[in-house]
Amino acid sequence: MSDSKTYPIKQFSTHTPHIDEEKYLRMYQQSVQEPDKFWSRMAHEFIDWFEPWKTVKNVDYKNASIKWFEGGKLNVSYNCIDRHLKDKADHTAIIWEGDEPDQQRYISYQELHDEVCKMANALKSRGVKKGDRVCIYMPMIPEVGFAMLACARIGAVHSVVFGGFSPEALKSRILDSDCRVVITADAGVRGGKTVPLKANTDKALKDCPNVHSVFVVKHRLADIDWHAERDIDYNELKTEMEPECPVETMDAEDPLFILYTSGSTGKPKGVLHTSGGYLLHVAMTHKYIFDYHDGDIYWCTADAGWITGHSYIFYGPLANGATTLVFEGVPSYPTPSRFWQVVDKHKVNIFYTAPTAIRALMAVGDDAVKSTSRKSLRLLGSVGEPINVEAWEWYYKVVGDERCPIVDTWWQTETGGILISPLPGATPLKPGSATRPFFGVQPAILDQDGNELDGKASGYLVMKDSWPGQMRSVYGDHDRFFQTYFSQYSGYYFTGDGANRDEDGYYWITGRVDDVLNVSGHRMGTAEVENALDLHPLVAESAVVGYPHDIKGQGIYAFVIFKNGVEFNDEIKQQLIDIITEEIGPIAKPDKIQWAPDLPKTRSGKIMRRILRKIAENQVESIGDTSTLADPSVVQHLIDNRLH
Ligand code: PRX
């Protein structure tokens, strides 16, 4: 890492960036030395408040108590829409690009206002009020944003569930936060393939007796079942709704949304974010890290079902009055030039995607890129997983024509917004490094015993203090919040990631240090996949680990023990894959399933995952000591039969 190449700061031909090197250092210093003063200034600059706050920051990591701008009153929907109407009513808020290249919609801020108000009134007409939870299970169409902002407008708490999740996964999320209303569409389409969202919802709701209303946006005119007492044709209802809806006054610490994410153990956690601090953090990072200027066309390719979609398709850009592009499709459909054709079609200036997409497109070859212009691009971003140097260089040279800086942004569902990233006007780039902390962010590297390491170091990445966008709790289980993030090393937020810091103070994220997988940027717990496999009646036990995968970043490798005498065959393998698709969704399908007569366990019965990981990575020479195993001979069988 220390001998890595450094790319100097680029001057933009069109404008001066918001932050230069000197300003970064000055602002960073102030942000950590005088946080109250710094954040007050920022909160006034970025957010319109109905009433000022009483305390800027009130944080106690020892008790997992995190509060920002207490007493301050605002409304997120007002900040993302209404306040822009004075100057920007006719400006495009959302560009929608459909799955097929000839489908597009342009939604102005005025239209956004009217659509959101109608949706908010529709929710109210079904009794939804402040604090109620609403589940959103949608394709990537503008209505997903309308739904989120409509909830924010009336103080309802949304829980967006990724459209690729199965009915079973949808059900458990609806039940966990007791959502009574679901907003969905008849169907979605990605890469020409239909996603039966309404049918999935019907299946999920068989076991959700509290759900009394399902809004169905007719998007594909798909053939769907109808439950008259529960289902509402939103396109029809909308015509009766007023395009005006007053905003609810919310406290800065009132919940804005719940978003489920996977951890190392147990079922997915409902990460709870609140209103004031979150909005400030995403607006500010969107402006500074993407060097957003008025009039820019900005495109983040994430799905609304993930935190990146929440913070950097909708809330951050709209708070700043930007034009944000919402894309329904996939990078490779109808051709591998699609991303770049969309860039040219809409003259995108800022483009933010995931390493897995970059690697997949890189594998197709340069021609698909070079046949497009991409002259409008000024800045490129990366998120979701470590970006390998080869992919970074390709993104920089082939996609960006060596003209566009790359911001490699490190953050998590829990952090709400970006914490470590270059600022394009302030940070020389090193491919593969997320570089330096954003304002107010104080990372540290700890050794296993919790000692803070100085200078060049390698260990666990933690945060020494809070930032406004930090999650506030696990929905319905505050103790789990404390246990997961604050119990390992007292006084620190534990990220679950490992990192190196080099001699220039740059951070290099090495990946998860817990049992969380990151497959194509999709986060999942090994335990979730194992629990699904264990549902098969012939499975006695299973263990799942990740291994390096050229395109996905990580692949899923499952070791499965069958009950007495059962032989592994293709039929059982397919059944296992089907179970996982049913329980979680296609994103969790194992890449490899190995039959195992037994698993390497300690004498106390704990599975030695370290050994399984080495086998899955095909690094059997570095398996190390197996003498503490109850039965060391198990390992040889697994090695001999490994799948490569
Ligand atoms: O391991 C880190 C990886 O993704 C994890 C967070 O996943 P999720 O909550 O789904 O949020 C993804 C989008 C923010 C982190 O713990 N990760 C995310 N961004 C990067 C990254 N790893 C390395 N470099 C990044 N830029």
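Buried means under 20% relative accessible area. I keep that cut-off at hand for these entries. The model I am reading is predicted.

**Entry: the annotated site**

I looked up the record before the residues. UniProt, in an unreviewed entry, places the feature "binding site" at His536 and Val539.

Where does histidine 536 sit? I found histidine 536 in the loop between helix H17 (526–534) and strand E29 (539–549). Is histidine 536 buried or exposed? Its relative accessibility is 4%, so histidine 536 counts as buried. I then listed what histidine 536 touches, leaving out residues up to four places away in sequence. The list is Ile572, Gln575, Leu576 and Ile579.

Next came valine 539. I found valine 539 in strand E29. Valine 539 has 4% relative accessibility and therefore counts as buried. Leaving out residues up to four places away in sequence, valine 539 touches Leu533, Asp534, Val560, Ile561, Phe562, Lys563 and Leu576. I noted that Leu576 is in the list for histidine 536 and in the list for valine 539.

**Entry: the nonpolar cores**

In soluble globular proteins, nonpolar side chains tend to be buried together. I went to the cores with that in mind.

The largest nonpolar core holds 158 residues. Which of them touch the most other members? I noted Leu112, Tyr315 and Phe439. Helix H6 (residues 142–154) gives the most to this core, with 9 residues.

Setting aside residues up to four places away in sequence, leucine 112 touches Ile81, Ala93, Ile94, Ile107, Phe146, Leu149 and Leu318.

I also noted a second, separate core of 30 residues. Among its members are Ile297, Leu361, Ile387 and Val399.

Note on methods:
Residues are numbered from 1 along each chain as its sequence is written. This is a predicted model: local features need pLDDT of at least 70, side-chain atom pairs count only at pLDDT 80 or more; totals for chains, interfaces and linings use all residues. Side-chain values use heavy atoms; hydrogens and water are left out. A nonpolar core is a set of buried Ala, Val, Leu, Ile, Met, Phe, Trp, Tyr and Cys residues joined through side-chain atoms within 4.5 Å. Buried means under 20% relative accessible area, exposed over 50%, partly exposed in between (1.4 Å probe, protein chains only). Helices (H or I, at least four residues) and strands (E, at least two) are DSSP runs, numbered from the N terminus. Contact means heavy atoms within 4.5 Å. UniProt positions are given in the numbering used here, feature names are shortened, and annotations may be inferred rather than shown by experiment.
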